[in-house]
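Here's a friendly walk through a protein model for someone meeting it for the first time. Have a look at the sequence and the structure, then read on.

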Amino acid sequence: MKKGKVYLVGAGPGDPGLLTLKGRDVLAQADVVIYDYLASEEFLRYAPAHARRIYVGKKGGDHTMSQEAINRLLVEKAREGVVVRLKGGDPFVFGRGGEEAQELAAAGIDFEIVPGVTAAVAVPAYAGIPLSHRDYASSMAFITGHERADGAMPETKESLDWEKLASGVGTLVFFMGVKNLPDIAQRLMAHGRSPRTPAAVIRWGTTPQQQTVVGTLADIVEKVQATGLKPPAIIVVGEVVRLRTELNWFETKPLFGKTVLVTRAREQASEFRRALEDLGARCVEFPSIAIVPPASWDPLDRALAVLHEYDWVVFTSVNGVKFFMERLWAAGRDVRALAGTRLAAIGPKTAEALEQRGLRLDVVPEEYRAESLFKALGETTVRGRRFLLPRAAQARDVLPQTLRRWGAEVDVVPAYETVPAAEGVDEVKAMLARGEVHVVTFTASSTVTFFLQAIGEHRAAELLKQTVVACIGPITADTARSFGIEPRVVAEEYTIPGLVRALASRV
């Protein structure tokens, strides 16, 4: 891409997964990202580290920057490099993208439109409401319900023909109309739409905070007021709203409406988070640990130098595999150095990490814990053998101690360390105190220990009484209990998928 260009990118209505592939690709090449309130900040991670990020959002009358100022900013920054203007929904559907494009055209700035998934379609779909259905509606209209500064409605120079809208269009979708809902309902009924016509108001559509209120034109205002529902929201009017009873797929997910705190290391949290979000959860990442290289590579390097002298190498985590293999490569060697050495792995993910490198495992215990490895190996296999355990510097001693008791020679070398990492601790404390977190997850004993260090042991014990504590297995659960925290969910299979299944069935 050349310098001096603006991409007007539709980011979709809220679900980060609805960002288009092209939107993601142009973000990766941005020098500047100018983004709105309704464009999820998660999208910013697709931008390069050097890219400047400028927030120009507007909500509830609180405007960070006027539209005129945003237009000037786009022109100014476009003269410096590639600008991505990230807008919620679609930039050309009540997104003022047309105005911004006009300003760029007038200034002679090269620009491109990257359409997005409009909230008009996506939000009702996530509420189980199709906009068209051959038994209910064959036409639709999108209308802005926002009030203009002079009190006129809608926010456009044209006046709405309420009679034609009321009687001539099957499905009506109003943007930004919550404040004007009483007027919208009254006008539609006054111009011939039946008071019994179904209506729905959907707040924060396509996100785990989605809230849907369903009624009729006659009572929807009262129902919305009773729930205290506030903007941003989409209003849908029409017979298709009846289908929600049958097609409500999103809000019926097992973890919908639940906020889950993920304490796993950030680089390992994505798979866990994705699985939880697929079940409808809202995830808040609070990595209590970070995975870093060991204080010294010397012990591991010495072991690698005599790798052929070991009968067994036992891997207890994906991290151990990663750092071991990276260090082996740094020494100018590869998997061929493991020829003749038997390999064992604790846990399917650890085994998978080795298999992806072309290594076949000799032993993978049925249960994913160190104690189960003993049964798989057998005492006679262990006696007189030499074992190498590349693992976390702070790992439990159960495995090496038992191997030695059975007559093995064991070298335990640190391949990595887990250290505290607790960014945003004040916000997490506040969320826990307000009761906004429904589940706190722990995927290792170290996540428990470092979480308590970050929050404060006594304070954490108090705050966690108000939430569900979920642990990946009995060892992690015992660590929590040692601090006076009783887990309500303990996975029967000691893996991330096992913990996800346990949460889905018990929360």
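Two residues are in contact when heavy atoms of theirs lie within 4.5 Å. Helices (H or I, at least four residues) and strands (E, at least two) are DSSP runs, numbered from the N terminus. Keep in mind that this is a predicted model: local features need pLDDT of at least 70 and side-chain atom pairs count only at pLDDT 80 or more, while totals for chains, interfaces and linings use all residues. Residues are numbered from 1 along each chain as its sequence is written, and side-chain values use heavy atoms, with hydrogens and water left out.

**The big picture**

The protein has 20 helices and 22 strands, and its C-alpha trace spans about 90 × 50 × 45 Å along the principal axes. Of its 507 residues, 49% count as buried, where buried means under 20% relative accessible area (1.4 Å probe, protein chains only). Take the contacts between residues at least 6 apart in sequence: 67% of them join residues at least 24 apart.

**A pair of helices**

Two packed helices are described by the angle between their axes and the distance between the axes. Here is the pair to look at:

| Helices | Angle | Axis distance |
|---|---|---|
| α17 (residues 445–455) and α19 (residues 474–482) | about 25 degrees | 8 Å |

That angle makes α17 roughly parallel to α19, a label for angles under 35 degrees. The axes are lines fitted to C-alpha atoms over the stretch in contact, and angles run from 0 to 180 degrees between N-to-C directions.

Which residues of α17 and α19 meet? Ser445, Val448 and Thr449 come from α17, and they meet Ile475, Thr476, Thr479 and Ala480 in α19. The residues of this contact divide into three nonpolar, four polar and no charged. In that count Ala, Val, Leu, Ile, Met, Phe, Trp, Tyr, Cys and Pro are nonpolar, Asp, Glu, Lys and Arg charged, and the others, Gly among them, polar.

**Helix α20**

Helix α20 covers residues 496–506, and its buried residues include Ile496, Leu499 and Leu503. Among the elements covering them are α9 (269–278) and β20 (439–442). At the N-terminal end, threonine 495 caps α20, with a side-chain oxygen 3.0 Å from the backbone nitrogen of glycine 498.

**A buried arginine**

Arginine 391 sits in strand β18 (residues 386–392). Is arginine 391 buried or exposed? Arginine 391 is buried, at a relative accessible area of 7%. Beyond its neighbours within four places in sequence, arginine 391 is in contact with residues including Thr316, Pro400 and Tyr416.

Terms used:
Parallel < 35°, antiparallel > 145°, perpendicular 65-115°, else oblique. Buried < 20%, exposed > 50% of the residue type's maximum accessible area, 1.4 Å probe, protein only. Polar contact = N/O pair within 3.5 Å; in protein donor to acceptor, adjacent residues only side chain to side chain.
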